[in-house]
Amino acid sequence: MRFELLKTDPNTRARRGRLHTSRGVIETPVFMPVGTLGTVKGMTPEQVRDLGAEIILANAYHLFLRPGHRLIEKLGGLHKFMGWDGPILTDSGGYQVFSLGDLRRIDDEGVSFRSHLDGSAQYLTPESAVDIQRALGSDIMMVLDDCLAYPATQQKAAQSMRRSMDWAARSRAHLDKQPPREQAMFGIAQGSVFPGLRRESIERLEQIGFDGYAIGGLGVGEPIPMMYDMVESMDGIMQVDRPRYLMGVGTPVDLVQAVARGVDMFDCVMPTRHARNGHLFTTEGHIVIRHARFREDPDPIDASCGCPVCAKYSRAYLRHLFQAREILSSVLNTIHNLFFYLDTMRKIRHFIESERFSELLA
RNA sequence: GGACAGGUGGCGGAGUGGUUAAACGCACCAGACUGUAAAUCUGGCGCUCCAUGCGAGCUACGGAGGUUCGAAUCCUCCCCUGUCCA
């Protein structure tokens, strides 16, 4: 995998780049739709591709629990299994360290989980997370990290970050022992909201050496300006010739703001989950499609949107589908929201190319 | 015509003398959601008012009377619905 930096915005830290993988070229900044269980919920891979997605994300922890990474490996790997031939980035399960708070215990060796599916005891180590992702055959794997909840004391954040860095080193070493393959590995910086810890984290990751660098542990409840500050504080110290990935973020505004601070890659459940919950993104902000005011509204979600849903369906119809809990509601809403996100990224790339990116910040 | 059963808030359905403006479900209204335990979760849901609270007033359990300190709950009559027998 190779990252090509095409252009840097003269007024901000925004970067226009290109990520070359064996399964295709990814134009950055990029948004990766989330397909945790080997599916972008409600979408066929064809639909995801037609919306313009160039890479999707899946989750090693979830696929390890069900149906099992060995099964997927046996059936030819995740791409073949799910019918997506573009690049896939797999998250390691580090986020589940955060989100499954009550169901897990961390020690220096790894994380023990109580499976959220059947309560069974499961154990994940940096090494096993690498093995799982090798079996899945993703194009980019993430190291297992300790995604810390907010707020945390500086002492706790330091301890957690250093553990993540040890795990990152172990992940790297474990991967390097195995036969080389076209599979990149990204390290993940932690350090909560403490710039000093963030800096130390980046430095340690770069000493180890990864194909890309992720910023983890943000978007977990800290004030949004603080999140931007953290990203900004890391921009100057991150290697310029490697992709930078802000994990799990965020709102459309977050994407623009983070790009302005030097971020190249994003993923977030927001467009897909919000779609299923009736929260639709528009250029004028968002609408909640269930609201009574759309009952007889013949207009599309967003008149200026170029998505296939806005080309054809009224808010009244989409509201009806949502109220009736029809499956098509999730499908159409997801198409719209994903298009909105992917289109936002197209705009961002275009505006960087034409040196007008600052206009998006206004 | 007769015998049973029953009429509760938009709907279904608890409740059979007081803490019941009335459980629960549905419907409806609104909020939340940022590397997906999420097509999920939370709140509101008779009316009016101060719009702060385990606040004040009003109306309400088919209708009209009655018993009682107190009734959706007990009594009387009436109206209506369902099933069965003529």
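1. The β8–β9 hairpin. In the hairpin of β8 and β9, six residues lie between the strands, and G119 has a positive phi near 80°. Strands here are DSSP runs of E of at least two residues, and helices are runs of H or I of at least four residues, both numbered from the N terminus. β8 (residues 111-114) and β9 (residues 121-124) run antiparallel and are joined by four bridges. Two strands count as paired if DSSP finds at least two bridges between them. S112 has Y123 in β9 opposite.

2. Basis and confidence. The model is predicted: local features need pLDDT of at least 70 and side-chain atom pairs count only at pLDDT 80 or more, while totals for chains, interfaces and linings use all residues. Residues are numbered from 1 along each chain as its sequence is written, and chains are lettered from A and ligands numbered from 1 in the order in which they are written. Chain A averages a pLDDT (the predictor's confidence in each residue, from 0 to 100) of 97, and 100% of its residues score at least 70. For the complex, the predictor gives an ipTM of 0.94 and a pTM of 0.94.

3. The eight-stranded sheet. Eight strands in the order β4-β14-β13-β12-β11-β10-β6-β5 make up an open sheet with parallel pairing. Because β4 (30-33) and β5 (56-59) are at the edges with a single partner strand each, one side of each has no neighbour in the sheet. From one strand to the next, the twist averages 25°. Angles are taken between N-to-C directions and run from 0 to 180 degrees; the axes are lines fitted to C-alpha atoms, for helices over the stretch in contact. Within this sheet, β10 (residues 140-142) and β11 (residues 184-189) run parallel and share three bridges. M141 stands opposite M185 in β11.

4. The three-stranded sheet. A further open sheet has three strands in the order β1-β2-β3, paired antiparallel. Its edge strands, β1 (2-8) and β3 (24-28), each pair on one side only. Neighbouring strands are turned by 15° against each other on average, with direction ignored. Six bridges connect β1 to β2 (residues 15-21), and R2 has H20 in β2 as its bridge partner.

5. Surroundings of RNA strand B. RNA strand B is surrounded by 48 residues, and the closest are C147, G219, G248, G250 and V269. A residue is near the strand if its C-beta atom, placed from the backbone, lies within 6 Å of it. At least two residues of this surface come from each of β5, α5 (94-99), β14 (265-268), α11 (270-276) and α14 (327-353). By class there are 18 nonpolar, 20 polar and ten charged residues. Nonpolar covers Ala, Val, Leu, Ile, Met, Phe, Trp, Tyr, Cys and Pro; charged covers Asp, Glu, Lys and Arg; the others, Gly among them, are polar.

6. Helices α13 and α14. The axes of α13 (residues 315-323) and α14 come within 7 Å and cross at roughly 130°. α13 is therefore oblique to α14. Oblique is what remains after angles under 35 degrees (roughly parallel), over 145 (roughly antiparallel) and 65 to 115 (roughly perpendicular).

7. Backbone points to check. Most residues other than glycine have a negative phi, and most peptide bonds are trans. R66 and P67 are joined by a cis peptide bond with omega about 10°; P67 is in the loop between α2 (60-65) and α3 (69-74). Another cis peptide bond joins Y150 and P151, with omega about -5°, and P151 lies in the loop between β10 and α7 (154-176). S192, a residue other than glycine, has a positive phi near 50° and lies in the loop between β11 and α8 (195-208).
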